[in-house]
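Welcome! Please take a look at the sequence and the 3D structure below, and then we will walk through one part together.

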Amino acid sequence: MLSIVLLGTGNVATKLFDVFSKHKELQVVQVLGRSAEALAPFGAKTATSMDFSTLLQADLYVLAVSDDAIAHVSGTLPPVKGLVVHTSGSIPLSALHSHERRGVFYPLQTFSKDVGVNFSPIPICLEAQSSRDLQLLEQLGGCISDRVLEVSSEQRLSLHLAAVFANNFTNHLYHVGSEICNAHQLPFQLLQPLIMETVRKIGNIAPYDAQTGPARRKDQGTMDKHMKLLTNPTQKEIYSFLSQSIKETYGEKL
């Protein structure tokens with residue numbers, strides 16, 4: 001059995017705790033966090049603490065904390081024999097330099113505490129200082145996911161950047177679309193079949209080939225109407241910039 005100490009109580013920590021707890025090969029022996037309130041949901045299932053001096057011995061220490069907190073939490077940990085890993089897409093392995101055994105266990109997914117997650121299709125990106133520890137992370141990843149791969153710090157940062165464009169920016173555009181719908185007394189749910197069809201389509205063809213819309217069609221008249229309809233200066237700027245990017249992608253220089 002692989003023993004795990006989980007450091008953090010946020011979205012990633014919560015979802016990892018949930019999925020680790022479902023596998024008999026894994027045991028979360030302790031969760032560390034900054035507040036009693038945040039630790040309360042874990043307390044009925046395992047040991048919890050706010051004191052690093054009470055850190056238990058384990059095979060693996062998973063730092064599921066914010067990017068900005070990784071170096072601090074890593075430096076606060078007392079010397080341990082186990083493997084210390086973080087779960088960030090943008091922080092290099094070298095951030096854990098104070099630990100002889102160090103690695104990265106990065107699940108490429110967006111997490112929300114109140115939304116269930118199926119880890120099986122989620123890519124788990126691994127990196128480790130030694131081949132022995134990489135094998136340990138492969139064992140852990142294989143317990144929860146069907147897609148486990150070794151990715152360097154440089155590759156992982158690029159992958160994280162691509163994910164920001166594909167997910168975070170896209171979700172913000174959903175928010176903009178929702179604001180426009182609300183401003184004209186239309187339910188955002190009317191757009192959901194369109195969104196789902198786009199997601200389905202790019203599962204079969206490249207995003208480049210899936211592109212549609214007025215900018216792709218060079219329909220300047222429609223774009224002019226849209227620009228007049230928009231009253232929010234930021235939304236106007238977003239619309240203009242993205243339309244320009246689409247036009248240039250398909251060979252028309254503005």
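Strand E6 is covered on both faces in this predicted model. With six of its six residues (102-107) buried, meaning under 20% relative accessible area, E6 is largely enclosed by the rest of the structure.

Who are the neighbours of E6? Strand E5 (residues 83-86) runs parallel to E6, and Val-85 has Gly-103 in E6 as its bridge partner. Strand E7 (residues 123-128) pairs with E6 in the antiparallel sense, and there Pro-107 is partnered by Ile-124. E7 in turn pairs with E8, where Leu-126 stands opposite Glu-150. Here are these pairings side by side:

| Strands | Sense | Bridges |
|---|---|---|
| E5 and E6 | parallel | three bridges |
| E6 and E7 | antiparallel | five bridges |
| E7 and E8 | parallel | four bridges |

Now step back to the sheet. Eight strands make up an open sheet with mixed pairing, in the order E3-E2-E1-E4-E5-E6-E7-E8. Strand E3 (47-49) and strand E8 (147-150) are at its edges with a single partner strand each, so one side of each has no neighbour in the sheet. From one strand to the next, the twist averages 25°.

Finally, there is a helix to find. Helix H1 (residues 11-21) lies across E6, and also across strand E1 (2-7), strand E2 (26-32) and strand E4 (60-63). H1 runs at about 150° to E2.

How values were computed. Residues numbered from 1 in each chain as written. Predicted model: local features only at pLDDT ≥ 70, side-chain atom pairs only at ≥ 80, totals over all residues. Heavy atoms only, no water. Buried < 20%, exposed > 50% of the residue type's maximum accessible area, 1.4 Å probe, protein only. Helix = DSSP H or I, 4+ residues; strand = E, 2+ residues; numbered from the N terminus. Pairing = 2+ DSSP bridges. Axes fitted to C-alpha atoms, helices over the stretch in contact; angles between N-to-C directions. Contact = heavy atoms within 4.5 Å.
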